[in-house]
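Here is a short report on one protein model.

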Amino acid sequence: VAMKENPRAGQRLHKGACIGAIGCILLLLYTSGPQKRRWIEPAFVDAPEEALKVAKVNTETVEVKNRSTSTAGSRCEWEPASGGEDNRYPGFCEGLLTVKGNSSDQCKELCCESKECDGWQYREDLGCRHATRKNRGWCEPTAPSPWKGHKIATRRPNGECVWEEKVQQSQCKGLGPRRPVNGEPWKTPEQCAKECCSVKSCVMYQFREDKGCFWGKANYCDTDQGPHAWKPFKGGRKLK
């Protein structure tokens, strides 16, 4: 007759073997007690490879932003200006000394290191230029912007003027004071052209909304060309 196996026999044997044994008691406490000290792997370790790549890109972006903060010329004091100390001279400055500088930060740093430099100006097309006691001149207070203006091609007997087709967008120097000299400034380029035509000595006129009307005979005109022609300059004035 086949004897049935008693399932509890093994348990009694196991418990009996553990009675009086210190190691067995510790084993029971470990397997049955709370596992508060068990360390669990962070969930992101098992994240898909694509998610890890995204996290890496975000980290690099933050690093680039941190590097963009400029410390050029930090050892010197600069004159405060609207928009920051590097925007003191948004318009072209005449007579400055050209130096080797490949960026606005480098141009500013070189000025800070030089005892002779009083100020600096930079734009990609014209490079770095410094103001010194010997090299300085008048600075246009506003950023470059195209003008509306024409030169007179011919004058007809009836007094009408025929204007050249070319628009003189670059600023011309030597045209005299803003017109009219007395009274409210002209508000349109047509008014400016009409007054110029009425004066025999007038050769050309220029008009800009923020500047007004100017006409006369120019000494010379700027040659603003290229993609940077109407962009503002970076520049500052050193105090110490």
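Cys-196 and Cys-202 form a disulfide, with 1.8 Å between their sulfur atoms. The cut-off for a disulfide here is a pair of cysteine sulfur atoms within 2.5 Å. The link of Cys-196 and Cys-202 is left-handed, with -95° about the S-S bond. Cys-196 is buried at a relative accessible area of 0%, and Cys-202 is buried at 3%. Buried means under 20% relative accessible area, exposed over 50%, and partly exposed in between, with a 1.4 Å probe and protein chains only.

The model is predicted: local features need pLDDT of at least 70, side-chain atom pairs count only at pLDDT 80 or more, and totals for chains, interfaces and linings use all residues. Residues are numbered from 1 along each chain as its sequence is written, and side-chain values use heavy atoms, leaving out hydrogens and water.

## Disulfides

A disulfide is a covalent bond between the sulfur atoms of two cysteines. By the distance rule, the count comes to 8 disulfides. Three of them are tabulated with their computed geometry.

| Pair | S to S distance | Torsion about S-S |
|---|---|---|
| Cys-76 and Cys-112 | 2.0 Å | 95°, right-handed |
| Cys-111 and Cys-117 | 2.1 Å | about -95°, left-handed |
| Cys-196 and Cys-202 | 1.8 Å | -95°, left-handed |

What does the link of Cys-76 and Cys-112 tie together? Cys-76 lies in the loop between α3 (49-67) and β1 (97-99), and Cys-112 lies in helix α4 (residues 104-113), so the pair joins parts that are 36 residues apart in sequence. Helices (H or I, at least four residues) and strands (E, at least two) are DSSP runs, numbered from the N terminus. Both Cys-76 and Cys-112 are buried.

The link of Cys-111 and Cys-117 is left-handed because its torsion about the S-S bond is about -95°. Cys-111 is buried, at 0% relative accessible area. Cys-117 also counts as buried, at 1%.

## Nonpolar cores

A nonpolar core is a set of buried Ala, Val, Leu, Ile, Met, Phe, Trp, Tyr and Cys residues joined through side-chain atoms within 4.5 Å. The largest one has 11 residues: Ile-152, Cys-161, Cys-192, Ala-193, Cys-196, Cys-197, Cys-202, Tyr-205, Phe-207, Cys-213 and Trp-215. Two or more residues come from each of α5 (189-198), β7 (204-208) and β8 (212-216). Helix α5 gives the most, with 4 residues. A second, separate core has 9 residues, including Cys-76, Trp-78, Cys-117 and Trp-120.

Cys-161 is in contact (heavy atoms within 4.5 Å) with Ile-152, Thr-154, Arg-155 and Cys-197, leaving aside neighbours within four places in sequence. Cys-213 lies in strand β8 and is buried, with a relative accessible area of 0%. Not counting residues up to four places away in sequence, Cys-213 touches Pro-177, Arg-178, Arg-179, Trp-186, Cys-192, Gln-206 and Phe-207. Cys-213 and Glu-195 are 18 residues apart in sequence, and 9.6 Å apart in space from C-alpha to C-alpha.

Is Glu-140 buried or exposed? Glu-140 is buried, with a relative accessible area of 10%. Its place is in the loop between β3 (127-131) and β4 (148-155).

The Glu-140 side chain makes a polar contact of 2.8 Å with the side chain of Thr-142. Another polar contact of 2.8 Å joins the side chains of Glu-140 and Lys-211. A polar contact is a pair of N or O atoms within 3.5 Å; within protein, one must be able to donate a hydrogen and the other to accept it, and residues adjacent in sequence count only if both atoms are side-chain atoms. Beyond residues up to four places away in sequence, Glu-140 touches Gly-91, Phe-92, Gln-171 and Lys-211.

## Confidence

pLDDT is the predictor's confidence in each residue, from 0 to 100. The protein averages a pLDDT of 79, and 70% of the residues score at least 70. Over residues 1-19 the pLDDT is below 50, and this stretch has 2 contacts beyond near neighbours in sequence. Residues 35-69 stay under 50 as well, with 2 contacts beyond four places in sequence.
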